[in-house]
Amino acid sequence: MYFHKFKLSTFLLVLSAISLFAQNSYNLRQFIDETGDFATQPLKWQAKDFLTLGAIIGGTYGLMHLDETIRRQMLKDTSWRGSIPLELGRYWGEPATPLLIGSGLMIIGANHENNSSMKLGFEILQAFSYSVAINGALKILIGRARPSTGKDAFTFKPAQSLQNKFWSLPSGHTTVAFSLSTVLAENTESTGLKVLAYMPAFVTALSRVNYNRHWLSDVFLGGFSGYIIAKYVTKLHKQEKSPALNNQTPLISFSMQF
């Protein structure tokens, strides 16, 4: 029911958080301008970008031939369902998680005039917005049946169904989880914390297959989608030199400085 429950109000909440709590930079105007650039990025792609896209599509298609085998193996042992690790992974991919973390960071950053916290919160919300927009469009365009429907891994209704049961590819939870984890990882220099940032995202992917909500290839494509989008967003701001706010020491960052 992930994207079935995802409505325009969620996007409005994201945009409202950005515009309300950012005054000089990392605000609604910046979000709109950068969204325009993001939408036109495919027009600027080079050969290596198309090769990367081809490799991801090829990998997704290749895994489709293993999907039913992996699903059968997963269904042999469902004792992990509902366990704390898998439930934490599921919640890591819920829309509420990046919305709360991102908005909270922006509120605190604005209150304490902390540009680093503002930046981190902005990137989390921005990557989340782009991820769910692209993911939702792909779900409808591809129209793949979820494994829980009992249909095989190659059952598709491309651009024909608005039913959640045909919104399997790519996995929305996994996309959101990897976009959040990637933003966190890109905002710390610690290798240990980078690894720690990605751990819940991989558990999210595992939970979606274990709960019979997605095929392996769904989480593969979802994971790469979230990762690439978040890498784009964070790279966009790394060279930014805007002296919008005074304090540059992170008040809250993934390096646990809070």
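Numbering starts from 1 along each chain as its sequence is written. In this prediction local features need pLDDT of at least 70, side-chain atom pairs count only at pLDDT 80 or more, totals for chains, interfaces and linings use all residues, and side-chain values use heavy atoms, leaving out hydrogens and water.

**Stop 1: the core**

Select Trp-92, Met-106, Leu-120, Ile-124, Tyr-130, Val-183 and Leu-184. These touch the most other members of the largest nonpolar core, which has 30 residues. Such a core is a set of buried Ala, Val, Leu, Ile, Met, Phe, Trp, Tyr and Cys residues joined through side-chain atoms within 4.5 Å. Buried means under 20% relative accessible area, exposed over 50%, partly exposed in between (1.4 Å probe, protein chains only).

Now colour the helices (DSSP runs of H or I, at least four residues, numbered from the N terminus). H2 (28-39), H5 (96-111), H6 (115-142), H7 (172-186), H8 (191-210) and H9 (216-238) each supply at least two core residues. H6 gives the most, with nine.

**Stop 2: Tyr-130 and the rings**

Centre on Tyr-130. Beyond its neighbours within four places in sequence, Tyr-130 is in contact (heavy atoms within 4.5 Å) with Phe-31, Glu-34, Thr-35, Phe-38, Ile-229 and Val-233.

Ring pairs join Phe-31, Phe-38, Tyr-130 and Tyr-232 into a cluster. Rings of Phe, Tyr and Trp (its six-membered ring) pair if their centres lie within 6.5 Å; planes under 30 degrees apart are stacked, over 60 edge-to-face, the rest tilted. The whole structure holds eight aromatic pairs. One of them, Phe-38 with Tyr-232, is tilted, at 5.3 Å centre to centre and 55 degrees between planes. This pair ties H2 to H9, across 194 residues. Phe-38 counts as buried because its relative accessibility is 18%. Tyr-232 is buried too, at 19%.

**Stop 3: the largest pocket**

The space is about 1200 Å³. H2, H3 (47-75), H6 and H9 each supply at least two lining residues. H9 gives the most, with eleven.

**Stop 4: Thr-175**

Move to Thr-175, in H7. Is Thr-175 buried or exposed? Its relative accessibility is 1%, so Thr-175 counts as buried. Leaving out residues up to four places away in sequence, Thr-175 touches Ser-131, Asn-135, Gly-222, Ser-225 and Gly-226.

Note on methods:
On a 1 Å grid over the protein atoms alone, a cavity is a set of points where a 1.4 Å probe fits but cannot get out, and a pocket is an open set with protein on both sides within 12 Å along at least five of seven lines; lining residues have an atom within 4 Å of a point. Grid points are joined across faces, edges and corners, and a volume is the space filled by probe spheres set on the points.
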